[in-house]
Amino acid sequence: MRELVESQGVSTQKCVDQGLLRFLKAKSMNPEKAAKMYVESRKWREELVPLGYIPESEIADALGDKKIYLQGLTKIGQQPFVVGKANRHLTSASKDPLQFKKFIVYLFDKAIASSFKDGKETGNEKIVAAVDLKSIPYKSIDARAFTISFQLLKAYYPGRLGKMYMLNAPGFFVSFWKMFSVFLDKDVQESIIFVSSEKEKESFVKEIGEEILPEEYGGRSKPILLQDAVIRSPITP
């Protein structure tokens with residue numbers, strides 16, 4: 001796969017084996033298709049992220065919603081844990097899709113970089129997310145935002161989603177999700193977990209760890225806004 005990528009004029013010098021393996025797995029271990037996917041992802045990134053990172057000034061509106069928190073690494077798996085407050089999603093992806101794409105890239109990059117080992121990428125970092133749907137208004141159910149997020153994951157961040165927990169989901173959102181999720185790949189569908197029973201909540205707290213879980217979800221931590229989280233590793237995964 002490295003040879004195929006290099007033959008198309010794209011360097012793989014900075015990409016670890018596990019990073020290439022994520023693309024191979026996404027294409028059923030077909031090196032030709034995986035190489036094409038990898039090359040397309042690098043070209044896409046050069047266009048959207050020419051500086052190697054997304055400046056916060058370019059996503060000020062999305063950050064201003066104060067809807068995403070980066071809490072640290074999970075107790076089980078040591079994976080970056082992100083919390084999203086759905087009822088604070090005010091910046092519609094439909095109004096400014098380019099800013100929303102940059103916001104998602106900023107989120108993914110910063111979360112992934114937070115779990116680098118000794119400042120270096122292992123290539124196997126996965127994000128664990130919790131989406132709090134408590135008090136979510138109809139206007140915050142942004143189908144385009146979900147679509148853009150999962151499209152970016154599929155095309156440019158394969159294998160990066162570990163689990164996504166849905167918390168406090170109202171009935172109307174469950175109905176929406178049943179219609180929307182049929183368009184997602186099977187592996188993504190299987191990573192989505194709705195937490196409702198006490199047993200499911202206990203399992204959720206155990207996996208995340210009380211040390212980094214915000215108090216309102218059964219932990220002992222204070223919420224840390226995404227833009228306030230300190231990342232010592234370079235945000236260029």
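Helices (H or I, at least four residues) and strands (E, at least two) are DSSP runs, numbered from the N terminus. By that rule the protein has nine helices and five strands. Read from the N terminus, their order is α-α-α-α-β-β-α-β-α-β-α-α-β-α. This is a predicted model, in which local features need pLDDT of at least 70 and side-chain atom pairs count only at pLDDT 80 or more, while totals for chains, interfaces and linings use all residues. Residues are numbered from 1 along each chain as its sequence is written, and side-chain values use heavy atoms, with hydrogens and water left out.

The overall dimensions come next. The C-alpha trace of the protein spans about 50 × 35 × 35 Å along its principal axes. Its radius of gyration, taken over C-alpha atoms, is 18 Å. A compact globule of 237 residues would have a value near 18 Å, so the two agree; the globule rule is 2.2 Å times the number of residues to the power 0.38.

A residue is called buried under 20% relative accessible area, exposed over 50%, and partly exposed in between (1.4 Å probe, protein chains only). Of the 237 residues, 49% count as buried. The accessible surface of the protein comes to about 12,700 Å², and 52% of it belongs to carbon and sulfur atoms; such areas come from the Shrake-Rupley method with a 1.4 Å probe, and for residues only the protein chains shown count as cover. Contact means heavy atoms within 4.5 Å. Among contacts with a separation of 6 or more, 76% are between residues 24 or more positions apart.

For charges, Lys and Arg count as positive and Asp and Glu as negative, with His and the chain ends not counted. Each charge is placed at NZ of Lys, CZ of Arg, CG of Asp or CD of Glu. The mean positions of the 36 positive and 30 negative charges are 2 Å apart.

Single residues can now be followed. Glutamine 71 lies in strand β1, residues 68-73. Glutamine 71 counts as buried because its relative accessibility is 5%. Leaving aside neighbours within four places in sequence, glutamine 71 is in contact with residues including Phe81, Val83, Ile212 and Pro214. Two further partners, Ser221 and Ile224, are also in contact with glutamine 71. A polar contact is a pair of N or O atoms within 3.5 Å; within protein, one must be able to donate a hydrogen and the other to accept it, and residues adjacent in sequence count only if both atoms are side-chain atoms. The side chain of glutamine 71 makes such a contact with the side chain of serine 221 at 3.3 Å, and reaches the backbone nitrogen of isoleucine 224 at 2.7 Å.

Arginine 45 is found in helix α3, residues 31-48. With 8% relative accessibility, arginine 45 counts as buried. Its side chain makes polar contacts with the side chain of aspartate 109 at 2.5 Å and with that of tyrosine 157 at 3.4 Å. Arginine 45 and tyrosine 156 are 111 residues apart in sequence, and their C-alpha atoms are 8.5 Å apart in space.

Two loop residues remain. Serine 28 sits in the loop between α2 (17-26) and α3, and counts as exposed at 68% relative accessibility. Its phi is near 55°, a positive value in a residue other than glycine. Lysine 66, in the loop between α4 (60-64) and β1, also is not a glycine and has a positive phi of about 50°. At 45% relative accessibility, lysine 66 counts as partly exposed.
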